Amino acid sequence: MRRFSARSLITVLTVLLPVVVLVSLVIGTVNITISDALNTLLGSATNQQIGTILLDIRLPRILMAIFVGAVLASTGAVMQGLFRNPLADPSLIGVSSGASVGASLMIVTAGGFIQSGALVGLSLVAVGAFVGGFTATLLVYRLATSGIGTSVTTMLLAGIAIAALAGALNSLLSYFSDNDMLRQISLWQMGNLSGASWLKVGIMGSAALLLLICFPRDSRALNALLLGESEARHLGIDVQRVKQRLILLTALGVGISVALAGLVGFVGLIIPHMVRLAIGPDHRWLVPASALAGATLLVIADSLARIVVIPAELPTGILTALLGAPFFVVLLLQQRKDV
Amino acid sequence: MTMLADNISLHLSGFDLLRNISLEVEAGKVTAIVGPNGAGKSSLLKVLTGDMVPTRGQVQLNHRPLAHWPLLDRAQMLAVLPQHSLLNFPFTANEVVALGRIPHQTGVIKDAEIVAQALDLVDASYLQKRLYTQMSGGEKQRVQLARVLAQIWQPSDHGEQFLVLDEPTSAFDLSHQKLTLDIVRQLANRGVGVVMVLHDLNLAARCADNLVVFDGGGIAAQGQPEQVLTESLIAKVFGVKAIISQHPRTNRPLVIT
């Protein structure tokens, strides 16, 4: 028996997210009153400094957290369905490991350029991460695709192999880098939203929008795929097409998110898992509810990252894992008790 | 209208799984396939349903090669119940059966009605809101049966409908075995062509219009159960000495070992 209906969970999250956003806007190194925040957002700013903090620093960062969280959690839900494995996450298709090699490579080889400036406002690191992530996914996909279609099992194994290879390349690059580069590499791998700008928000927002428009089309196909691939085919689903489309969209969404925010772990794994425990595996509800929950969690995690060690900040990725892991363990223990 | 296997051969990694199989599954009739383990029964079902492409020969569905049917049209005519289910996500029984309505555009209300009726037919109404992952083997199999029934619940515009079942009764107790055979007969009376693999020769003899005996990748015999089931055939195919008697009520052959 389930604990929540899909409708009530989505309603709760739709109410919760704006509340969390508002709280996140007013807290931080400089505390702002709610009325000031609302006034600034509505365009009647009274204090220029508050306006700058809200509109140029906090708001883009919060929007970034919303879009990254939504993309990671919804692609996580889609991958878990596609792989018929509740422990799958977007990194399984190689996108995160590839991105991390791309980013390290850029940091090590083009370290000088990074200091000097950005490429159309986006750092070379982001471009490297996106290209690396996308290439790794294509490689994993090609390895698993033969004349008879794409084998999900081979893809999983290929993903693990590529991740291992990427890990080795990463270590190699770290080995040859100096102290400063090493610090940059490891900071990037922790995942961080602090560099949010309106340009990044625009790119990330478009990716999130694209995914959330495209995924619902395949939600029934994903439901059928949980029965097995040949069963889905017998239900009239063009399995190969669906697989291709979903992997491409995931690589695109996660690739952009990793490029702009680094490796924010755990959201893609635990959010869909938790949402499924609450409302069941029907992807028509699971995917949008996961997106909302992922957005909410990441806004909370990022707000905490900003305030726990004031005036300094922690990388967001540390907070998602610190918050997520214990919660996940409690859930697993409870689930074991139920069965 | 039929489902037709025309001189099918299947070679896979050096093995002859099927050799020159020709089989006609007629609409409105029940075809049962029996045979020892590894005789090629499941391979034939895979070829018949398009999961495997035969090395030679062709499968036709309603006078058109299987591969030429658009997937969606085919799904409205042909429903397949595999032997094992991979489903390990916590869908409710209602949701599993509703998956059978994916190829149709009949609307939420009609679909819900069909789902409820299909579950009722397989004696699983009490499972409606229960989670699939927490059901017993027999309950899961009944829910899956309801799913394929929901898929061909209404006649299709594209042609006669067929239902393929791979050992549908393997996890069932006596009463549900009988229930399954009754359902299969009802479907045949409605015009659906049913083909199923069975292990129990007596069950097969009781329900089949056409009994096909498989041996070593080929068909050892096919026809009416009374003609096919002989003591010498059972000795030859299964290597078991059996007595063929007659069921006192149904007059169908009764295999006693």
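E95(B) has its place in helix α3 of chain B, where helices are DSSP runs of H or I of at least four residues, strands are DSSP runs of E of at least two, and both are numbered from the N terminus. The model is a predicted one, in which local features need pLDDT of at least 70 and side-chain atom pairs count only at pLDDT 80 or more, while totals for chains, interfaces and linings use all residues. Residues are numbered from 1 along each chain as its sequence is written, and chains are lettered from A and ligands numbered from 1 in the order in which they are written.

E95(B) counts as buried because 22 other C-beta atoms lie within 10 Å. The term buried applies at 20 or more other C-beta atoms within 10 Å of a residue's own, exposed at 12 or fewer, and partly exposed in between, with C-beta atoms placed from the backbone. Between the C-alpha atoms of E95(B) and A235(B), which are 140 residues apart along the chain, the separation is 46 Å.

**Interface with chain A**

In chain B, 21 residues are in contact with 19 residues of chain A; contact requires C-beta atoms, placed from the backbone, within 7 Å. The elements of chain B that give two or more residues to this side are α2 (71–77), β6 (78–81) and α3 (93–99). Of these, α2(B) gives the most, with four residues.

**Overall form of chain B**

Chain B contains nine helices and twelve strands. Its C-alpha trace spans about 55 × 45 × 35 Å along the principal axes. The radius of gyration of chain B is 18 Å, which agrees with the value near 18 Å for a compact globule of 257 residues; the radius is taken over C-alpha atoms, and the globule rule is 2.2 Å times the number of residues to the power 0.38. Buried residues account for 47% of the 257 residues in chain B.

**Strands and sheet**

An open sheet in chain B is formed by four strands in the order β2-β1-β4-β5, with antiparallel pairing; two strands pair if DSSP finds at least two bridges between them. Its edge strands are β2 (15–26) and β5 (64–65) of chain B, each of which pairs on one side only. Helix α1 (residues 41–48) of chain B lies across β1, β2 and β4 (56–61) of chain B and runs at about 120° to β1(B). Such angles run from 0 to 180 degrees between N-to-C directions, and the axes are lines fitted to C-alpha atoms, for helices over the stretch in contact.

Strand β3 (residues 30–34) of chain B is mostly covered, with five of its five residues buried. V30(B), A32(B) and V34(B) lie on one side of β3(B), and T31(B) and I33(B) on the other. The table lists some strand pairings of chain B.

| Strands | Sense | Bridges | Bridge partners |
|---|---|---|---|
| β1(B) and β2(B) | antiparallel | eight bridges | I8(B) and I21(B) |
| β3(B) and β8(B) | parallel | four bridges | I33(B) and V197(B) |
| β3(B) and β9(B) | parallel | four bridges | V34(B) and V213(B) |

**Residues with positive phi**

R84(A), although not a glycine, has a positive phi of about 50°. R84(A) lies in the loop between α3 (48–82) and α4 (95–109) of chain A, and R84(A) counts as partly exposed because it has 18 C-beta neighbours inside 10 Å. In chain B, E167(B) has a positive phi near 45° and is likewise a residue other than glycine. E167(B) is found in the loop between β7 (162–166) and α6 (174–190) of chain B, and E167(B) is partly exposed, with 19 other C-beta atoms within 10 Å.

Note on methods. Two residues are in contact if their C-beta atoms, placed from the backbone, lie within 7 Å.
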